[in-house]
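Here's a quick briefing to read alongside the model. Have the sequence and the 3D view open, and we'll go topic by topic.

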Amino acid sequence: MKVGVVIAAAGSGVRMGAECNKVLLSLHGKPMLQYSIELFAGLEEVSSLVIVTRDVDCDLVQGLVEQMGLNGWVQVVPGGAVRQESVLRGLRALPADTEWVIIHDGARPFITAPVVRRGLEAVREHRAVGVAVPVKDTVKRVQDSLVVDTLPRAELWAMQTPQIFSYELILKAHEQASAQGLVATDDCALVEALGHPVHIVPGEYSNIKITTPEDLPRSDEPAVGFGYDVHRLVADRPLILGGVEIPSEQGLLGHSDADVLTHAVMDALLGALGAGDIGEHFPDTDPQYAGISSMVLLSRVMALVQARGLEVGNADVVVLAQRPKLSPWKAAIRASLAQALGVAETRVNVKASTCEGLGFVGREEGIAAQAAVLLRARRS
Ligand code: MG
């Protein structure tokens with residue numbers, strides 16, 4: 001049997017509150033879309049794979065495919081204005097000798113091989129198969145805030161993807177829908193409109209569609225991150241720690257404002273996100289970061305944290321400096337970091353240590369900082 005896969009990945013991040021396509025958001029350190037690609041690429045039954053994505057995301061998705069070593073096997077196709085149009089473009093891009101098609105949403109990263117195989121087995125007999133789970137909630141029809149009908153729950157199933165079809169049948173269903181201006185929210189409905197029966201196989205409740213930020217935490221365990229940074233002490237530079245300017249004869253040298261403590265905090269956040277380090281995000285060879293306040297950079301890292309539906313649980317930081325004495329400034333630094341991290345001051349702890357005159361810190365050649373943070377699913 002010749003099986004082609006179409007992954008629909010042309011959505012925007014609007015409901016996720018993200019600036020990018022949500023399927024490119026990172027989930028446990030890799031793009032959400034990668035999970036589906038890996039699953040289908042690993043199934044021996046699958047012979048071709050088409051990803052339909054927005055025009056603006058084609059290069060990024062192509063880059064991901066290349067990085068996965070699947071270049072040449074996976075096709076990346078620009079999508080249409082709506083999902084249905086995108087899927088049709090994907091179907092048309094499959095090889096002409098395709099017999100069976102698996103249509104899957106890139107925003108369902110938790111799909112498993114057993115579910116796909118269940119569908120592939122059933123499709124040979126039924127030609128149109130949807131994966132679905134029984135609805136747990138009672139569903140009512142509501143108009144103008146008034147219940148007009150209570151639907152019998154025992155008959156209700158929530159449709160998921162994949163949906164699996166004979167290639168000939170689904171192509172005909174999509175082309176007819178397109179010609180008649182029929183719009184549906186899943187592919188099975190277009191086959192139903194042809195009068196062809198659709199068979200259901202049980203899916204898994206864990207096969208959720210990531211739609212809003214609340215969907216992500218269910219899959220995200222708390223994560224800790226650690227950061228470390230050092231900057232050299234020189235004359236005629238300000239000393240800024242955690243966004244607070246501290247009177248000092250010497251300040252820190254660096255491409256930005258050299259706020260060594262904020263750099264350690266950013267690295268800890270990126271570490272917890274599994275997203276590399278600040279050198280990768282804000283290269284010190286890039287003129288746009290010359291003299292920039294590190295608190296501005298921290299706010300950009302926090303935007304990444306928020307886009308993934310996460311928040312800071314707590315942060316613990318240490319500044320290693322022989323001079324100046326930092327105890328009078330600890331409260332201000334704590335307040336400044338707490339505000340930037342979006343947490344109460346009680347969730348931020350600031351420590352300072354001299355190094356007993358030892359090493360580069362002891363010789364007052366530089367200041368070092370360490371930070372640990374916890375990220376967790378957003379609760380508010
Ligand atoms: Mg630095």
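A residue counts as buried when its relative accessible area is under 20%. Keep in mind that this is a predicted model. By that cut-off, seven of the seven residues of strand 1 (residues 3–9) are buried, so the strand is largely enclosed by the rest of the structure.

**Strand 1 and its partners**
- In a regular strand, side chains alternate between the two faces of the sheet.
- Strand 1 sends Val-3, Val-5, Ile-7 and Ala-9 one way and Gly-4, Val-6 and Ala-8 the other, and all are buried.
- Strand 6 (residues 100–105) runs parallel to strand 1, and six bridges join them; Ala-8 sits opposite Asp-105 there.
- Strand 4 (residues 46–53) also pairs with strand 1 in the parallel sense, over seven bridges, with Leu-49 as the bridge partner of Val-5.

**The magnesium site**
- Which residues hold the protein donors of the magnesium ion? They're Asp-229 (OD), His-231 (NE2) and His-263 (ND1), lying 2.1 to 2.3 Å from the ion.
- Along the chain, the donor residues follow the spacing D-x1-H-x31-H.
- The two histidines link distant parts of the chain: His-231 belongs to strand 12 (residues 223–235) and His-263 to helix 7 (residues 260–273), 32 residues apart.
- Both His-231 and His-263 are buried.

- As a rule, nonpolar side chains in soluble globular proteins tend to be buried together.
- The largest nonpolar core here has 46 residues, and Leu-241, Leu-269 and Leu-341 touch the most other members.
- Elements giving two or more residues to this core include strand 13 (239–241), helix 9 (294–307), strand 16 (310–320) and helix 10 (330–341). Helix 7 supplies the largest share, 10 residues.
- Setting aside residues up to four places away in sequence, Leu-241 touches a list of residues that includes Ile-246, Leu-252, Val-319, Leu-326 and Ile-333.
- There's also a second, separate core of 41 residues, with Met-32, Phe-40, Val-74 and Ala-113 among them.

**Glu-245**
- Leaving out neighbours within four places in sequence, Glu-245 is in contact with Pro-238, Leu-239, Ile-240 and Trp-329.

How values were computed: Residues are numbered from 1 along each chain as its sequence is written. This is a predicted model: local features need pLDDT of at least 70, side-chain atom pairs count only at pLDDT 80 or more; totals for chains, interfaces and linings use all residues. Side-chain values use heavy atoms; hydrogens and water are left out. Contact means heavy atoms within 4.5 Å. Donors are N, O and S atoms within 2.8 Å of the metal (3.2 Å for Na, K and Ca); water is not among the atoms, so sites may look incomplete. Helices (H or I, at least four residues) and strands (E, at least two) are DSSP runs, numbered from the N terminus. Buried means under 20% relative accessible area, exposed over 50%, partly exposed in between (1.4 Å probe, protein chains only). A nonpolar core is a set of buried Ala, Val, Leu, Ile, Met, Phe, Trp, Tyr and Cys residues joined through side-chain atoms within 4.5 Å. Two strands pair if DSSP finds at least two bridges between them.
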